[in-house]
Amino acid sequence: MSQQHEDPRTPEPSPSAHPGPGLFVVFEGGDGAGKSTQAARLAEALDAAGETVLQTREPGGTPIGEKLRSLVLDHGHGPVDPRTEALLFAAARAAHVEQVILPALASGQVVVCDRYIDSSVAYQGVGRGLGAEDVLGLNRWATQGLLPHLTVLLDVAAEDGRRRRTVRDAGGADRLEAEPDDFHTRNRRAFLDLAAADPERYLVLDAGLGVDELAASVLARVSGLRSAGAGA
Ligand code: TMP
C-alpha cells in the first residue's frame, strides 16, 4: 500500500487579510506620540457603545510576548544586532496574532492594538536599515497575513516625541527610545510613507492636536467603518 506523504513544497493556503466578524484597529507612531492614551480612549468609547473590545499592545499581549518585550526593550542583555531585534519583535507578534488577536476577531470583538507590523517596518526595516521589504515579508509570514482594517498614525516629530517622553517617563528611555533623534526621524518618514502608499487603510493625525480632538476623529472613523459593515 502506498503511503501518502505531504508535499513539502505545497504552498500554505493564502492568508486572509481580515478573517472573522471582528474589527482590527492599530495605533502607530513615534515614541511619545500619545498612542496609548488614544488607544485607551477608543476602547472606552467603543465599550460604552456596546462593543466587546480587546485592548492590547506590541510587543506583548501574551505571556511569551511580555517576556520577549523585556528581552528586546530592556537594557542589560548585551548587544542586540538588528536581525535579532527584528526576529524578537516578529516572534512576539506571531504569538499575539495566533493566541489572542485571531480568536478575538473570530468572536466578533473589536481589537485595539498599540503598534503592529508598521512599527517593525519603520524601526527595524528603515531605522535600523534592514530593508522595509524584508521586514515586511518576515512579518507577513509571522502574522499569517493578518492586516488591520484601520491603522491610526499619530504623527510626531522626533524632538517633540522626545520632549513628551521626558515628561511622561521618569524611569528613563528603553533601548529603542534611547536612540538619537535621526533614528526617530527616519522612522517617522517610514510611517508616513506606509500611510501614503495605502491611504484607505490609514488615518493620519497630527499628534500635537488636543487629546479630545484626536479621540473624536478616531472614533468617527472607526464608527464609520463599523456602520459601513467592516468586520461585521
Ligand atoms: P511602546 O513603548 O510604544 O510600547 O513600544 C516599545 C518600543 O519598541 C518602541 O520604542 C518602538 C519599538 N518597537 C520596534 O522597534 N519594533 C516593533 O515591531 C514594535 C512593536 C515596537
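**Figure 1. Secondary structure of the protein chain in the predicted model.** The protein chain holds 8 helices and 5 strands. Read from the N terminus, its elements follow the order β-α-β-α-α-β-α-α-β-α-α-β-α. The radius of gyration is 18 Å, close to the 17 Å that the globule rule gives for 232 residues, so the chain is as compact as a globular protein of that length. Along the principal axes, the C-alpha atoms fill a box of roughly 70 × 45 × 35 Å. Of the 232 residues, 45% count as buried. Among contacts between residues at least 6 apart in sequence, 78% join residues at least 24 apart.

**Figure 2. Helix H1 and helix H8 in contact.** Two packed helices are described by the angle between their axes and the distance between the axes. H1 spans residues 35-48 and H8 spans residues 211-227. Their axes come within 10 Å and cross at roughly 55°. H1 and H8 are therefore oblique to each other. The crossing in which H1 passes H8 is right-handed. On the H1 side, the contact is formed by Thr37, Gln38, Arg41, Leu42, Ala45 and Leu46. On the H8 side, Val211, Asp212, Leu214, Ala215, Val218, Leu219 and Val222 take part. By class, the residues of this contact are 9 nonpolar, 2 polar and 2 charged.

**Figure 3. Helix H6 and helix H7.** H6 covers residues 158-168, and H7 covers residues 181-197. The two axes come within 8 Å and cross at roughly 115°. H6 contributes Ala158, Glu159, Arg162 and Arg165 to the contact, while H7 contributes Asp181, His184 and Thr185. These residues divide into 1 nonpolar, 2 polar and 4 charged.

**Figure 4. Thr151 in strand E4.** Strand E4 runs over residues 150-155 and includes Thr151. Thr151 has a relative accessibility of 1% and therefore counts as buried, the cut-off being under 20%. Which residues does Thr151 contact, leaving aside its neighbours within four places in sequence? They are Val26, Glu28, Asp118, Arg201, Tyr202 and Leu203.

**Figure 5. Gln124 in helix H4.** Helix H4 is made of residues 117-127, and Gln124 lies in this helix. At 2% relative accessibility, Gln124 counts as buried. Apart from neighbours within four places in sequence, Gln124 is in contact with Glu85, Ala86, Phe89, Ser119, Gly129, Leu130, Val135 and Leu176. Thr84 is 40 residues from Gln124 along the chain, and the C-alpha atoms of the two are separated by 10 Å.

**Figure 6. Ala94 in helix H3.** Helix H3 extends over residues 82-106, with Ala94 among them. Is Ala94 buried or partly exposed? Its relative accessible area is 22%, so Ala94 is partly exposed. Ala94 and Gly78 are 16 residues apart along the chain, and 24 Å separates their C-alpha atoms.

**Figure 7. The peptide bond between Glu58 and Pro59.** Most residues other than glycine have a negative phi, and most peptide bonds are trans. The bond joining Glu58 and Pro59 is cis, with an omega of about -10°. Pro59 belongs to the loop that lies between strand E2 (53-57) and helix H2 (63-73).

**Figure 8. Arg115 and its positive phi.** Where is Arg115 placed? Arg115 is in the loop between strand E3 (110-114) and H4. Although Arg115 is not a glycine, its phi is positive, at about 80°. With a relative accessible area of 12%, Arg115 is buried.

**Figure 9. Gln144 and its positive phi.** Gln144 sits in the loop between helix H5 (132-142) and E4. Gln144 is not a glycine, yet it has a positive phi of about 60°. Its relative accessible area is 37%, so Gln144 is partly exposed.

Conventions: Residues are numbered from 1 along each chain as its sequence is written. This is a predicted model: local features need pLDDT of at least 70, side-chain atom pairs count only at pLDDT 80 or more; totals for chains, interfaces and linings use all residues. Side-chain values use heavy atoms; hydrogens and water are left out. Axes are lines fitted to C-alpha atoms, for helices over the stretch in contact, and angles run from 0 to 180 degrees between N-to-C directions. Helices (H or I, at least four residues) and strands (E, at least two) are DSSP runs, numbered from the N terminus. Angles under 35 degrees count as roughly parallel, over 145 as roughly antiparallel, 65 to 115 as roughly perpendicular and the rest as oblique. A crossing is left-handed if the near helix is turned anticlockwise from the far one by less than a right angle, and right-handed if clockwise. Contact means heavy atoms within 4.5 Å. Ala, Val, Leu, Ile, Met, Phe, Trp, Tyr, Cys and Pro count as nonpolar, Asp, Glu, Lys and Arg as charged, and the others, Gly among them, as polar. The radius of gyration is taken over C-alpha atoms; the globule rule is 2.2 Å times the number of residues to the power 0.38. Buried means under 20% relative accessible area, exposed over 50%, partly exposed in between (1.4 Å probe, protein chains only).
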